[in-house]
Amino acid sequence: MWKKITSVLLTIGFAGLTLAQQIDLNKASEVELDALKGVGPVLTKELMNERKKAPFKDWEDATSRVKGLGPQKASSLSEQGVRVQGSAYSGKAADKKPAKAVDSAKDAASKAKEAPKDSGKAAPKSADATAGKAPPAKN
C-alpha cells in the first residue's frame with residue numbers, strides 16, 4: 001500500500017517538474033535567468049542592466065536593447081516559458097534558416113552552370129606518351 005502511495009506522489013512530483021514555468025523577463029531574478037538554458041552570467045548581467053533602465057515593453061524592445069539576445073535566443077527562451085509583459089516571443093527566427101539553405105542551393109546550382117565544362121577531348125601529356133614509339137633510325 002505504501003509503495004503505491006509513494007509511487008503516485010513521486011509521479012505527481014515529477015510531472016510538476018516537467019511543466020514549463022512561466023517567467024517574466026521584467027521580474028525574473030538573477031538565479032532564475034541563470035538557470036535558463038542558453039543564458040549565462042554575461043547575458044544575465046546585460047538583461048538585468050537594461051531592465052534597470054526601463055522595463056521591457058515587448059520582445060522586440062528586449063532584443064533591440066540587450067546585446068546577445070537575438071531572434072533565435074528569444075525563441076528558445078520563450079519555449080522555456082519566458083514571457084515579456086505576458087507575451088511569448090512570436091518572431092520568425094526559424095523561418096530564416098530554410099531561406100538560407102535554399103539560397104545556398106541556388107548559388108551552388110548557378111556556379112555549376114557558370115563553370116567551364118571539360119569536353120574530355122584533350123588527354124593529359126605525360127612521359128609515357130612516347131614510350132611505345134620506336135627510336136629514330138641511325139644513318
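This report covers model confidence, a salt-bridge network, an aromatic pair and one backbone angle.

## Basis of the model

The structure is a predicted model, in which local features need pLDDT of at least 70, side-chain atom pairs count only at pLDDT 80 or more, and totals for chains, interfaces and linings use all residues. Residues are numbered from 1 along each chain as its sequence is written, and side-chain values use heavy atoms, with hydrogens and water left out.

## Confidence

The mean pLDDT of the chain is 74, and 52% of the residues score at least 70; pLDDT is the predictor's confidence in each residue, from 0 to 100. By element, strand 2 has the highest confidence, at 96, and helix 6 the lowest, at a mean of 49. Helices (H or I, at least four residues) and strands (E, at least two) are DSSP runs, numbered from the N terminus.

A contact means heavy atoms within 4.5 Å. Residues 93-102 also stay under 50 in pLDDT, and the model gives them 4 contacts beyond four places in sequence.

## Salt bridges

The count comes to 3 salt bridges, each defined by a side-chain nitrogen of Lys or Arg within 4 Å of a carboxyl oxygen of Asp or Glu. Glutamate 50 pairs with lysine 53 at 3.0 Å, N to O. Both residues lie in helix 3 (residues 41-53), 3 residues apart, which is about one turn of the helix. Glutamate 50 is buried, at 13% relative accessible area, whereas lysine 53 is exposed, at 63%. Buried means under 20% relative accessible area, exposed over 50%, and partly exposed in between (1.4 Å probe, protein chains only).

Glutamate 50 also meets arginine 65 in a salt bridge of 3.2 Å, N to O. Because glutamate 50 belongs to helix 3 and arginine 65 to helix 4, this bridge ties together parts 15 residues apart in sequence. Arginine 65 is partly exposed, with a relative accessible area of 22%. Its side chain forms a further bridge with that of aspartate 61, at 3.0 Å, N to O. Aspartate 61 and arginine 65 are 4 residues apart in helix 4, or about one helical turn. Aspartate 61 is buried, at 13% relative accessibility. Through shared partners, the bridges join Glu50, Lys53, Asp61 and Arg65 into one network.

## Aromatic pair

The whole structure contains 1 aromatic pair. The ring centres of tryptophan 59 and tyrosine 89 are 5.7 Å apart and their planes stand at 80 degrees, so the pair is edge-to-face. Rings of Phe, Tyr and Trp (its six-membered ring) pair if their centres lie within 6.5 Å; planes under 30 degrees apart count as stacked, over 60 as edge-to-face and the rest as tilted.

The pair links distant parts of the chain, 30 residues apart: tryptophan 59 is in helix 4 (residues 59-65), and tyrosine 89 is in the loop between strand 2 (82-83) and helix 6 (93-114). Tryptophan 59 and tyrosine 89 are both buried.

## A positive phi

Glutamine 85 is not a glycine, yet its phi is positive, about 55 degrees. Most residues other than glycine have a negative phi. Glutamine 85 is located in the loop between strand 2 and helix 6. Glutamine 85 counts as partly exposed, at 48% relative accessibility.
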